[in-house]
Amino acid sequence: MPLIAKVATSVSKTAAALSRAAGRGDGSVIGGWIGLKIDPDLLAHLAAGRAVALVSGTNGKTTTTRFTAAAVGVLGRVATNGYGANMPTGHTSALAKEGHTPFAVLEVDEHYLGQVIDQTKPQVVALLNLSRDQLDRAKEVAMMAQMWKIKLASHPEIKVIANADDPLVVWAASGSPQTTWFSAGQRWLDDSFVCPESGHAIERAQGDWWCTGCPLRRPRPSWMVEDGGVFDPDGVWHLVQLQLPGRVNIGNAATALAVAAEFGVRPIDGVRTLKQVASIAGRYAQVDKDGRNLRLLLAKNPASWLEAFDMADQVPTLLSINARDPDGLDTSWLWDVDFAPLRDRPVLITGDRAFDLAVRLQVNQVQFRHVQTFDEALRSVPPGRLEVIANYTAFQDIRAELDRVN
């Protein structure tokens, strides 16, 4: 690397270490921010010489990235942004921290995918899904899909791993000459009833989908989730055993195996590594506190809340909602979530925007109790299991209460 890049890397690692030592965070952003101030091309310099995979989408990025890093790890050391810092500052910090590695697997915020492609020259890009998220500051999903489509079409050398079940993802990847399709399902459909190509309706039947006005339709996937496992392109079924809950995570695992295969990892070898992943920056973590067993679930938009309800057991459940900058300031998305699955359990609510949530729950006929603090929530339920579902900054607040559990 050029001398300035070496200096920037050293300063980046030092700043990140000081942040961790001071208890100000995990250093996954500040190190990269300072490094890029010294050398604006630092990310490109750090990525050079590595085989890079990027993982992007609205939901499931962090988990899929962790699974992919585990699977690729059978070949050698992997640099990855395991704490979910998914913008260029986080990528820079992660690569600087790990030093030289043959591989890098990076989660990328969907808005930054084009920029990070240009800077890291990835071998593989995985596209998970697209759904509405923080519309007060983010683009509509069709605009995001168009950005992806244009960028990927300009990089025909990239191998694209894309979700065949999401029409927006299929359209975004349709101009890429090297595309492998996986089927992970799509439970949230409200953002993909209209074809992004023609504007006609999308029809669905028996797991298939097609546009009623143009040739866009579901491609045949090479990787498929079925019966608690994954079929690979050779038709071999692999049992997927995970510590993480929910069918959605088997889909994330299938994506990870597909990405790892592009680096030469055999599915039979990759699948063995997936059960080592137990928690991702506190997500899915289980913590014992004051006689209660807490499980932490992150849910930041309507699609992810739908999946969280599927994962949560029918036990007392704490919901926490904030509307700070990382969450998006607009809470109107709560009206797109069906909270009816919570009617059969005790529900507690807290957070900066708990009253917004309260109105939504009343309309959905869900009984609840408002608590001011996390400690009050613990005192309000009997010893035993407590599910905790929170959006981004609310989740981080609770994680801090639990000494930043990972």
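**Entry 1: W209**

(Buried means under 20% relative accessible area, exposed over 50%, partly exposed in between, with a 1.4 Å probe and protein chains only.) The model is predicted, so I note the limits: local features need pLDDT of at least 70, side-chain atom pairs count only at pLDDT 80 or more, and totals for chains, interfaces and linings use all residues. Residues are numbered from 1 along each chain as its sequence is written, and side-chain values use heavy atoms, with hydrogens and water left out.

Where does W209 sit? I placed W209 in strand β8, residues 208-211.

**Entry 2: aromatic rings**

Next I searched the whole structure for aromatic pairs and got five.

I checked the exposure of each. W305 has 0% relative accessibility and counts as buried. F309 is buried too, at 7%.

W305 has another ring partner, W333. Here the centres are 6.3 Å apart and the planes meet at 40 degrees, so I wrote down "tilted". What does this pair tie together? W305 lies in helix α11 and W333 in the loop between β14 and β15, so parts 28 residues apart in sequence are tied together. W333 is buried, with a relative accessible area of 11%. I then asked which residues form the aromatic cluster. The members are W305, F309, W333 and F339.

**Entry 3: salt bridges**

How many salt bridges does the structure hold? I noted 21.

My opening pair was D118 and K151. Their side chains meet at 2.8 Å, N to O. D118 is in helix α6 (residues 113-120) and K151 in helix α7 (residues 141-153). They are 33 residues apart, and the pair links distant parts of the chain. I found both partly exposed: D118 has a relative accessible area of 33%, and K151 has 22%.

Then I took D313 and R295. This salt bridge spans 3.9 Å, N to O. D313 lies in the loop between α11 (302-311) and β14 (317-320), and R295 in strand β13 (residues 292-298). The two are 18 residues apart, and this pair also links distant parts of the chain. Buried or partly exposed? D313 is partly exposed, at 34%. R295 is buried, with a relative accessible area of 7%.

R324 and D397 came next. I read 2.9 Å, N to O, for their salt bridge. R324 lies in the loop between β14 and β15 (347-350), and D397 in helix α14 (residues 392-401), so the pair ties together parts that are 73 residues apart in sequence. R324 counts as partly exposed at 32%. D397 is partly exposed as well, at 34%. I also looked for shared partners. Salt bridges of that kind join R295, D313, R385 and E387 into one network.

Last, I looked for cavities. I found one of 30 Å³ or more. (A cavity is a set of points on a 1 Å grid over the protein atoms alone where a 1.4 Å probe fits but cannot get out; lining residues have an atom within 4 Å of a point. Points join across faces, edges and corners, and the volume is the space filled by probe spheres set on them.)

What volume does the largest cavity have? I noted about 70 Å³. Its lining has 11 residues. Nearest the centre of the largest cavity I listed E110, S131, D133, K139 and M144.

Conventions
Salt bridge = Lys/Arg side-chain N within 4 Å of Asp/Glu carboxyl O. Helix = DSSP H or I, 4+ residues; strand = E, 2+ residues; numbered from the N terminus. Phe/Tyr/Trp six-rings, centres within 6.5 Å; stacked < 30°, edge-to-face > 60°. 1 Å grid on protein atoms, 1.4 Å probe; cavity = no way out; pocket = protein on both sides within 12 Å on 5 of 7 lines; lining within 4 Å.
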